Structures are given as structure tokens and as C-alpha cells.
Amino acid sequence: MDEVIEPNYRAELALVHHRGFGFHADACAPGIIELLQEVRSRRGLVVELGCGSGLLTRHLVDAGHRVIATDASTAMLDIARAEVPGVEDVRRLVLPDDQIPPADAIVSTGHVLNYLPTEAAVRRALQLTAEALRPGGVMAIDLCDVEYGGLRANAPNLGRVGEDWAIIAEFSLPSADRFVRHISVFVRNSDGSWRRDDEQHDNVLIDTTWVPDLLARHGVVASLRASFGEESLPAGLRAVVGHRPA
Ligand SMILES: C[S@@+](CC[C@H](N)C(=O)[O-])C[C@H]1O[C@@H](n2cnc3c(N)ncnc32)[C@H](O)[C@@H]1O
């Protein structure tokens with residue numbers, strides 16, 4: 001079997017994400033669960049893209065949903081498998097080329113599609129997402145607009161420390177449609193020593209106004225929203241909420 005190359009979210013950052021960055025999935029979960037009410041009533045299948053360590057997955061499963069949780073990072077998937085009992089399946093799915101299973105709902109938080117290398121790849125992933133949605137199905141994903149980068153052009157470094165982890169991130173905006181994070185993470189070993197890993201996250205930023213038109217061409221009626229429900233999303237992050245008419 002070919003070795004899996006993990007550019008993002010290797011073991012250390014996956015752990016730090018799980019321990020310190022649950023707030024976004026926690027904030028989005030109530031609104032997404034509300035949008036999926038009808039899917040739950042008919043025991044529909046929810047496919048989550050870029051599930052990470054299962055922070056949103058857990059909310060969906062606790063709300064009674066049948067969920068297939070997918071991500072590109074094997075380290076994230078290992079945590080999700082351990083942390084979310086009751087999930088229907090946890091599997092590797094790398095956007096935009098891996099096939100998305102047919103679903104009654106497709107959800108995603110944490111600007112997963114912005115991790116794709118180009119706008120063309122984001123378009124392809126959105127098309128495949130729309131095509132995987134069954135009649136009556138619902139989609140709810142978040143996406144960074146170009147505005148996201150502009151608002152953070154001069155953002156200071158981020159530093160956060162937990163009991164057994166620490167993270168430092170430097171931001172840069174090499175062009176209007178690229179947001180780059182240089183991330184160093186530190187995780188404490190059981191003997192008290194620390195291990196470090198460094199990752200670079202390149203996010204492509206898109207003009208999200210074309211997204212509803214693209215989805216409409218593939219049978220999904222969608223709109224851009226400021227949030228999924230009552231939560232406040234970070235500035236420049238949009239909720240894309242849609243459905244395929246029954
Ligand atoms: C910011 S994290 C969000 C994780 C999780 N959804 C959450 O809200 O906590 C972005 C996730 O996207 C995943 N990802 C990045 N590129 C991907 C790709 N090409 N296909 C599938 N998942 C990808 C990463 O592995 C990571 O788990």
C-alpha cells in the first residue's frame with residue numbers, strides 16, 4: 001500500500017486541534033442540527049466532509065443522526081474513531097477527487113474546501129457535493145470568502161497554551177486569494193519532555209458569491225448566510241445552506 005502523505009493535520013496538530021479548537025464546531029452544531037431536523041426524522045444518512053477529530057460529528061451523533069465522517073488526515077480520523085462511538089463509519093475521503101457517498105445531508109465546518117489548492121478544485125468539490133445529495137437532501141458547509149484574508153492582512157501571531165500543548169501561528173496573505181498559516185505545535189510526552197511539529201496551511205480564498213449559481217447548475221438550491229443558526233461566524237466565513245428539491 002502507498003504511504004499516505006499528510007501535508008496537514010499530522011498527529012501533533014490533530015491532537016491540539018481536538019483539545020483546543022472545539023469552539024467552532026460547538027458553535028455551529030445547534031444551527032446545523034436544526035437545519036437537519038427533517039433528515040433526522042426520516043433516518044437519513046449524513047456525510048460529513050473534513051470531519052477532523054469528530055468535534056461536529058459528536059454533536060450530530062448525540063442528536064440521533066446516522067453519520068459517515070470523512071477526512072483527508074489519518075491522524076484526525078484516528079481521534080474521531082476513538083472519540084465518537086456510535087458513528088456509522090469513519091473513513092478517509094480526500095477532496096476533490098474521492099467519491100462522496102450518496103447522502104441525505106452533507107455537512108462541513110472549519111473551511112475544509114479552502115484547503116484545496118485552487119478555486120477550480122473548490123468548484124469541483126462543490127459540484128461533487130451537489131451531485132452526491134439525494135432528492136430532499138440538505139447541505140450545510142462553511143467557506144472562507146476573499147474578505148476573510150483582507151480582514152486579517154495585519155493580524156498578529158496567534159499563541160495559545162493548554163495544559164499539555166501549545167500552538168503558535170503566523171499569518172500571511174501572499175495574494176488576495178491566499179491565506180497562509182505557519183503553525184508550530186508542541187505536545188507534552190508522558191515523560192514530561194515536549195515534541196514539536198511544524199505545518200504550513202495554504203488556504204485558497206474565493207469570491208463566494210458564485211457558489212449558489214454553481215450549486216443551482218447541479219440541482220441544489222442554496223444561499224449564502226452569515227451563520228447556520230444563532231451563532232456568530234468569524235468575519236469573512238460564510239455558511240452555504242442548500243437543498244436538493246425532492
Ligand atoms: C480546520 S480543520 C476542521 C475540522 C473539523 N471539521 C472541525 O470543525 O473541527 C480542516 C479539516 O479539513 C481537512 N482537510 C483538509 N484538506 C482536505 C481534503 N482535501 N479533503 C478532505 N479533508 C481535508 C483537514 O484534515 C482538517 O481535518
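**Exercise 1. Find out how helix H4 sits in this model.**

Step 1. Helix H4 is mostly covered, with six of its eight residues buried; a residue is buried if 20 or more other C-beta atoms, placed from the backbone, lie within 10 Å of its own. Helices here are DSSP runs of H or I with at least four residues, strands are runs of E with at least two, and both are numbered from the N terminus. Before going on, note that this is a predicted model, where local features need pLDDT of at least 70, side-chain atom pairs count only at pLDDT 80 or more, and totals for chains, interfaces and linings use all residues. Residues are numbered from 1 along each chain as its sequence is written.

Step 2. Now name the buried residues of H4: Leu55, Leu56, Thr57, Arg58, His59 and Leu60.

Step 3. Look for what covers them: H2, S1, S2 and helix H5 (74-83) are included.

Step 4. Just past the end of H4, Gly64 has a positive phi of about 100 degrees.

**Exercise 2. Work out the strand order of the sheet and locate its edges.**

Step 1. Seven strands form an open sheet in the order S3-S2-S1-S4-S5-S11-S10, and the pairing is mixed. Two strands pair if DSSP finds at least two bridges between them.

Step 2. Strand S3 (89-92) and strand S10 (221-225) are the edges; each has a single partner strand, so one side of each lacks a neighbour in the sheet.

Step 3. Thr70 has Arg91 in S3 as its bridge partner.

**Exercise 3. Describe the surroundings of the ligand.**

Step 1. There are 20 residues around the ligand, and Gly50, Gly52, Ser73, Gly110 and Tyr115 come nearest; a residue counts as near if its C-beta atom, placed from the backbone, lies within 6 Å.

Step 2. Helix H2 (23-35) and H4 each supply at least two residues of this shell.

**Exercise 4. Explore where the two domains touch.**

Step 1. The domain assignment, which is automatic or from a database, gives domain 1 (11-144 + 206-243) and domain 2 (148-204).

Step 2. In domain 1, 19 residues are in contact with 15 residues of domain 2, where contact requires C-beta atoms, placed from the backbone, to lie within 7 Å.

Step 3. On the side of domain 1 that touches domain 2, helix H1 (11-20) and H6 are the elements giving two or more residues. H1 gives the most, with six residues.

Definitions and conventions: A residue is buried if 20 or more other C-beta atoms lie within 10 Å of its own, exposed if 12 or fewer, and partly exposed in between; C-beta atoms are placed from the backbone. Two residues are in contact if their C-beta atoms, placed from the backbone, lie within 7 Å.
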